[in-house]
There are 2 protein chains.
Amino acid sequence: MKILKNRNPAVPGFKAAGLDCGIKDNRIKDLALIVSESPATAAAVFTKNRVVSPGVTWSRRALAKSSGSIRAVVVNSGNANAVTGSKGLKDCDAITKKVAQELGIPQKEVFIASTGIIGVPLPSDKIIKATPKLVTELGGKVKNWIDASEAIMTTDLVSKSDRISYSYKGKRIFIGGITKGSGMVHPNMATMLGFVFTDAVIDSKILKMALTEAADRSFNRITVDGDNSTNDCVAILANGKAKNSAIKSGTLGYREFLKALTKLCKNLASKIVLDGEGATKFVTVRVQGGKTRKQAYLIANSVATSSLVKTALFGEDPNWGRIFCAVGNAGAALDPDKVDVFLNKNRLLKNGSPTNLPPQKLVQAMKQHEIDITIDLKCGKEWEEVLTCDLSYDYVKINAEYTT
Amino acid sequence: MKILKNRNPAVPGFKAAGLDCGIKDNRIKDLALIVSESPATAAAVFTKNRVVSPGVTWSRRALAKSSGSIRAVVVNSGNANAVTGSKGLKDCDAITKKVAQELGIPQKEVFIASTGIIGVPLPSDKIIKATPKLVTELGGKVKNWIDASEAIMTTDLVSKSDRISYSYKGKRIFIGGITKGSGMVHPNMATMLGFVFTDAVIDSKILKMALTEAADRSFNRITVDGDNSTNDCVAILANGKAKNSAIKSGTLGYREFLKALTKLCKNLASKIVLDGEGATKFVTVRVQGGKTRKQAYLIANSVATSSLVKTALFGEDPNWGRIFCAVGNAGAALDPDKVDVFLNKNRLLKNGSPTNLPPQKLVQAMKQHEIDITIDLKCGKEWEEVLTCDLSYDYVKINAEYTT
């Protein structure tokens, strides 16, 4: 396993809580709050879906109004507050107002996100009623962070958290985060959310730049079923407790921060793929030797989203024909006669022609839980990686047997 | 059932044959030939995959060399002659040369296509050996056409043919065709091929224009799993036996021909969707009220290819959240607050908000074999329709359990 167990995501100066406010049945936690003790800069990236939940609209506005200062993140599961008409935004207003009151911070510094069923009005009264208790439960212990990470789960089988730290010029900088998602979208029950916290000193513009770059190598490079939800978002807060000299664009300090942030985001994103609906394989599709990153991405994404490749992975069938076909089908220019394709360490195609490796060797490779598909275009130096899982009976079962 | 049974595709002046030349095991037919008794104009549209089989390359060249005159179409199943290196084109040369000799026509007037396993050299010797017998078996009877339509099948469960005719200025014009395909691609075993024949008088340029337009409303608007194969092609031959005054661009005669050709192509394409791998539903996704055709197409295609929508269809779950999410996810501009969504005759969403129809009514609608999903963008007059099927356990089974 490339993926380590959950690490305690606690970052100095942040407190977390999670509890059951009654949105979901069966006393399952459904409301999380994470707060910075001191003012914090913030940035977020949101779904590219044209249909977005009121929470996305609200949080985009909060970031704009506060000029990138966010102190609190409130998240509910069990209800996506999506396609809920004008009531949706009113609910966001009421909840963030209550959270701000209880914390004694400006309302515009409260970020809100939701995940769960679409088209059902959000029971905001339950959230508002539970807010005082939620605030009293805020803490920096591992238990508090586990509560928060569990409270944002929907069809996830496991909670997901991670933390890394690094030293730079004598200061130790922590970056921790929690995430949820098991289909890239499962719009009645799920969505992809990620919340990342750091004690670095960094302004919101540079933070946005780093988050965008990191997400493009992590959260935006995973696919379970190829869809974006109405609610997807990844947010980051930075409270400056590390007292490093401020991270500036174009410096070594920025590159170190970006590297650490990207690694953390990739670990969190990998956990989503590992928990993909019905997944039995963890698959890394790497395209290298690309002329442009876009070309490499289009091809990697075409392979990673091909139902034919994904069913072959489930069937443990080393079917390079499907891989090569998906390469050609990406809508990206390429020279097929140059392409090499590898399955783990085995070269299946060299210069676009089969290498005729013994099938038994390939069948053996396909039996692994982790599969690396590497495609070398041999026309440049750019690369992209997309993480995916296989398409199994259980994916169909999970998604077909949910009844409205 | 919207789709009628196979009709005899025979068109005056064309002869067909199909036999077992030994590419496939078990004495299954695997070689087809269709020939025009007199010179014929021709046009074809090919896969957009960047990896194409030598047969596609060869036939493109034949159309160019002959200036759009094709007399014979030779097709084998059981082997795609794809990713076969330089031998692939040599095999095309040898086969078309032999067919031309036996028929006494120029080699450049022979069109070739293949479907079947990828990466295995084509046993062209078997095809060449069987060619004299194939030519002696050519005939215009229904049996000959059934032989030909069966000889191009791979994972297809049924052969597919159709014919229509119409009168124009006192002349009766026939258009008939055969097709195959059951995944839009299943690159080790299948591909989409269509061959259409007409006795209309029409030059190859106008024929190309009509075929392109017709394919964009039919063969290019079906999806089983969203992929293009390396070998997909649709070709049309016109031998002029109807002795109509030549069909010219921009005339009523052109519009009548295009209408008939589109209808035939749509019937043939529908048969492919009905025979989709593991399909239990026949689904028409119609987007209307579009500002542009491209916008309407992107949205229809996003809904028709969404694994979440397709599994919901299999599960008979009237999950409008998934449909609306796929609408937003199409990468096309739209105003979500204007969108209406219908399932058969039931309006699920009005102006982007749920209509809260009784679930039981929708569950009933989902139990039909034919499902119409209609999305009205209410921002213009353009429309597009994409035909698709559901994503079932059997799709996974068929595609996972094939072993190399």
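At what angle do the axes of helix H7 and helix H9 of chain B cross? Keep that in mind while you load the view. This is a predicted model.

**Stop 1: H7 and H9, chain B**

Select residues 293–305 of chain B for H7 and residues 320–328 of chain B for H9. The two axes cross at roughly 135° and come within 8 Å. The crossing is right-handed. Now show side chains. On H7(B), pick B:Ile299, B:Ser302 and B:Val303. They meet B:Ile323, B:Ala326 and B:Val327 of H9(B). Colour this contact by class: 5 residues are nonpolar, 1 is polar and none is charged.

**Stop 2: H2 and H3, chain B**

Move to residues 87–103 of chain B, helix H2, and residues 124–136 of chain B, helix H3. Their axes lie 10 Å apart, at an angle of about 15°. H2(B) is therefore roughly parallel to H3(B). This crossing is right-handed. On the H2(B) side, select B:Asp91, B:Ala94, B:Ile95, B:Lys98, B:Val99, B:Glu102 and B:Leu103. On the H3(B) side, select B:Ser124, B:Ile127, B:Ile128, B:Thr131, B:Pro132 and B:Val135. Sorted by class, the contact of H2(B) with H3(B) holds 8 nonpolar, 2 polar and 3 charged residues.

**Stop 3: the sheet, chain B**

Switch to cartoon. Trace the strands of chain B in the order E9-E16-E11-E15-E12-E13-E14. These 7 strands form an open sheet with mixed pairing. Which strands are the edge strands? They are E9 (222–223) and E14 (353–354) of chain B, each pairing on one side only.

Next, go inside the sheet. Select E12 (residues 340–343) and E15 (residues 370–376) of chain B. The two strands run antiparallel and are joined by 4 bridges. For one such pairing, centre on B:Leu343: its bridge partner in E15(B) is B:Ile373.

**Stop 4: two domains, chain A**

Turn to chain A. Where they touch, 10 residues of domain 1 of chain A are in contact with 10 residues of domain 2 of chain A. On the domain 1 side, the elements giving two or more residues are strand E9 (222–223) and helix H6 (252–274) of chain A. H6(A) gives the most, with 4 residues. The residues on this side of domain 1 of chain A split into 5 nonpolar, 4 polar and 1 charged.

Methods
Residues numbered from 1 in each chain as written. Chains lettered and ligands numbered in written order. Predicted model: local features only at pLDDT ≥ 70, side-chain atom pairs only at ≥ 80, totals over all residues. Contact = placed C-beta atoms within 7 Å. Nonpolar A, V, L, I, M, F, W, Y, C, P; charged D, E, K, R; others polar. Axes fitted to C-alpha atoms, helices over the stretch in contact; angles between N-to-C directions. Left-handed = near helix turned anticlockwise from the far one by under 90°. Pairing = 2+ DSSP bridges. Parallel < 35°, antiparallel > 145°, perpendicular 65-115°, else oblique.
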